[in-house]
Amino acid sequence: MCRIYPTKRCGEAAELCFYGGWGVSAAESLRVSAPSSVPRPDHVAESAVRSGPPRALPTAGPRRMALVGLPEEGEALASWVDRLAADHMVPPGMIGQALGLQARTTIGAEFHPVFYGIVPTLITLAHIRQATGIRPAAVQAMHLSRYAGTALDLSGIDLADERSVNAINRQGWALLFASRACPPCLAESGGVWQLAWRLGAVAVCPVHRVRLVEIWPRCGIRLRQGLRSRSRGLSKRFRTDPVLCGNFHAGTRCPQDIRDLPAELLPPQLATWQSRILKVADGDTPRIGGQAVSGWEWFTALSSLAAVIRFAAPLCPLVDTLAVPESARRELATATSRRSAGGFASALRTMPPSVELTLAVLAAVEPVLSATSPDAVAEAMEPWAKAAVARRRKVKHNPLRNLPLPGPLSRAYEQAIPPLSRVAGAARTVTVPAVLSLDHIPQLLDEGDYTDLVERHLPGTAPASGRRLAALALARLAGADSWAAAARALEMDAHRAARVADVVVRRITDTGTFWQAIAQAGARLLRRGAVDYARRRRVLAHLHEIPHPVLFAAYRPLGLPVTPRRQRSAAIWVWTTLTGGDARDAPAYAADSHANTESVAENWRRFRTRLPPSVADALTAYGTDLLTRHPHQGADL
């Protein structure tokens, strides 16, 4: 007989069929289920996922399954599949096939779903609903993509190429092909594995206040990974018990019951902090120093702070005060000196490679990210920041260069560390113009402002180099945390910017008055009215020459001809005048592939020094008209 059981999870009635009393086994019910009346959606036209040679798509959708256990709240997809397999008394690979998971078309003893538990493909979503009646939203909640935009950045995944997950696996804070586990949770739930256990920032069970288990010493492999060297697909030969380790080691399956593993009790404040991290991952609005930030900014701050702490730990006395087990404190103090523990040989911003190190890092970042004011953030960061500077000087290497820190954290970090140089350090004593934006700073400071305010502080410096340094200095005052970051913000040639920052900076005689002059130059920019130089550079990025009719109308009254070289030089003039940039960075400067650099420079010099005022007015009008008519809108020109 067939019965219809309404379920709140599915949002519709799910058909659970029992055939002729006990004469049909659960495994046979997978085969005798009636054909589905739900057609495969025509809009699901996803290309086959590639991992080597091209593979074909399934030709038909799955049949309706007779017995379907609903996923529990927060359960991972792999856990749900394993429990379905246990209920049906079949290997998990057969359940994967019955659900219609999109998979590699390989023949063998394993079934390999693509992006399994990471990102659901359209075909997987459609087939699971067809086979079980479960809505796509419930299926998506069992994948790591649930945390995309908060705890994880999965933007690099290409559903047309399975290999695109490799970068996420190396750099993201997640276990893509394995999991941690809480033994008491598995004992109470009967084998439900939480999706959150696969996040790299989760090392504590907030319910039972115990440390999560990641590697069982008997096999030495992460739980649910399958094999030591790689992840294993879903077996079509061996059944899986959701509460057993099940990894393959030395030719056998590990029989360890995870529920029997010892559970180490942790301090209540660590469990509370872990609960807060999980809420932010699920979409709660976090704050740093009292300022609201996005979930992604908050987790970026966490990973960046973790890098600072891991680098500074060998020289920071706060390590001994962390409320974590002794093994975790020892791991944090020694990890950066060992290649296998994620030291200098790997990026410090990657996920800590062990539960012990994760525990120590989480305990260390808690006072900083929980601080309620900018001053409290700076106070909590100060010991770690100073230890990081001391470590950098000791090892003569700075792996924290260009570390991304959200605004409140960046300011606190700069306050906590001593000045890295006499010039950059003096910038902290200057009052910054309140509304100075990086987009409103030209690549070269205005010639008049440079002559009036800055030139005297840079003796023996060519005006072009001095104006470039002044623009970089303005960007530092506007928020750039290094000369290199200032150059990137102004879209400046990296080589020229580095040379100016290295050579010209040494000529500054009085750093205090230099920065005061830069601040005055910024105030002048604001008084003239904000100009969006970044937008102007985008609009004029393809201005390689001025159209012949425009120049002809300007030069004809003067009796002068219009040549291709003059058209390109006029384009350089428009670009430099409107963007405040260096002529050598203008698109038209390198447009003439038949001329060498010296001839282009000489033609530009002659054009610039001999330009009639009437032609200059005509070119200015033409460039302004281009900005006005361009579809890219901005707050100003």
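Helices (H or I, at least four residues) and strands (E, at least two) are DSSP runs, numbered from the N terminus.

The model is predicted, so that local features need pLDDT of at least 70 and side-chain atom pairs count only at pLDDT 80 or more, while totals for chains, interfaces and linings use all residues. Residues are numbered from 1 along each chain as its sequence is written, and side-chain values use heavy atoms, with hydrogens and water left out.

## The chain as a whole

The protein chain contains 24 helices and 10 strands, and buried residues make up 52% of its 637 residues. Contact means heavy atoms within 4.5 Å; among the contacts in the chain with a separation of 6 or more, 70% are between residues 24 or more positions apart.

Helix α3 (residues 92-99) is largely enclosed by the rest of the structure, because six of its eight residues are buried. The buried residues are P92, G93, I95, G96, A98 and L99, and the helix is followed by G100, which has a positive phi near 80°.

Helix α9 (residues 295-312) is likewise largely enclosed by the rest of the structure, since 16 of its 18 residues are buried. The expected span of a helix is 1.5 Å times one less than its number of residues; for α9 this gives 26 Å, and the end C-alpha atoms are 26 Å apart, which agrees.

T124 has its place in helix α4 (residues 122-132) and is buried, with a relative accessible area of 5%. Once neighbours within four places in sequence are set aside, T124 is in contact with G100, L101 and Q102. A polar atom of the T124 side chain lies 3.1 Å from the backbone nitrogen of Q102.

A cavity is a set of points, on a 1 Å grid over the protein atoms alone, where a 1.4 Å probe fits but cannot get out, and its lining residues have an atom within 4 Å of a point. Grid points are joined across faces, edges and corners, and a volume is the space filled by probe spheres set on the points. By these rules the whole structure holds two cavities of 30 Å³ or more, and the second largest cavity has about 60 Å³ of space. Of the 13 residues that line the second largest cavity, V114, F115, Y116, T124 and H143 are the closest to its centre. The lining divides into eight nonpolar, five polar and no charged residues, where Ala, Val, Leu, Ile, Met, Phe, Trp, Tyr, Cys and Pro count as nonpolar, Asp, Glu, Lys and Arg as charged, and the others, Gly among them, as polar.

## Loop residues with positive phi

Most residues other than glycine have a negative phi. R209, although not a glycine, has a positive phi of about 60°; it lies in the loop between β4 (204-205) and β5 (210-211) and is partly exposed, at a relative accessible area of 30%. E491, also not a glycine, has a positive phi of about 55°; E491 is found in the loop between α17 (483-489) and α18 (494-503) and is partly exposed, at 44% relative accessibility.

## Further sites along the chain

C245 is found in the loop between β6 (234-235) and β7 (248-249) and counts as buried, at 2% relative accessibility. Apart from neighbours within four places in sequence, C245 is in contact with C219, L223, R224, C254, Q256 and I258. The C-alpha atoms of C245 and R259, which are 14 residues apart along the chain, are separated by 9.8 Å.

T372, in the loop between α11 (355-369) and α12 (374-395), counts as exposed because its relative accessibility is 67%. T372 touches G289 and G290, not counting residues up to four places away in sequence; T372 and G289 are 83 residues apart in sequence, with their C-alpha atoms 4.6 Å apart in space. T576, in helix α22 (residues 564-579), is buried at a relative accessible area of 15%, and beyond its neighbours within four places in sequence T576 is in contact with G581, D582, A583 and W604.

Conventions. Buried means under 20% relative accessible area, exposed over 50%, partly exposed in between (1.4 Å probe, protein chains only). On a 1 Å grid over the protein atoms alone, a cavity is a set of points where a 1.4 Å probe fits but cannot get out, and a pocket is an open set with protein on both sides within 12 Å along at least five of seven lines; lining residues have an atom within 4 Å of a point. A polar contact is a pair of N or O atoms within 3.5 Å; within protein, one must be able to donate a hydrogen and the other to accept it, and residues adjacent in sequence count only if both atoms are side-chain atoms.
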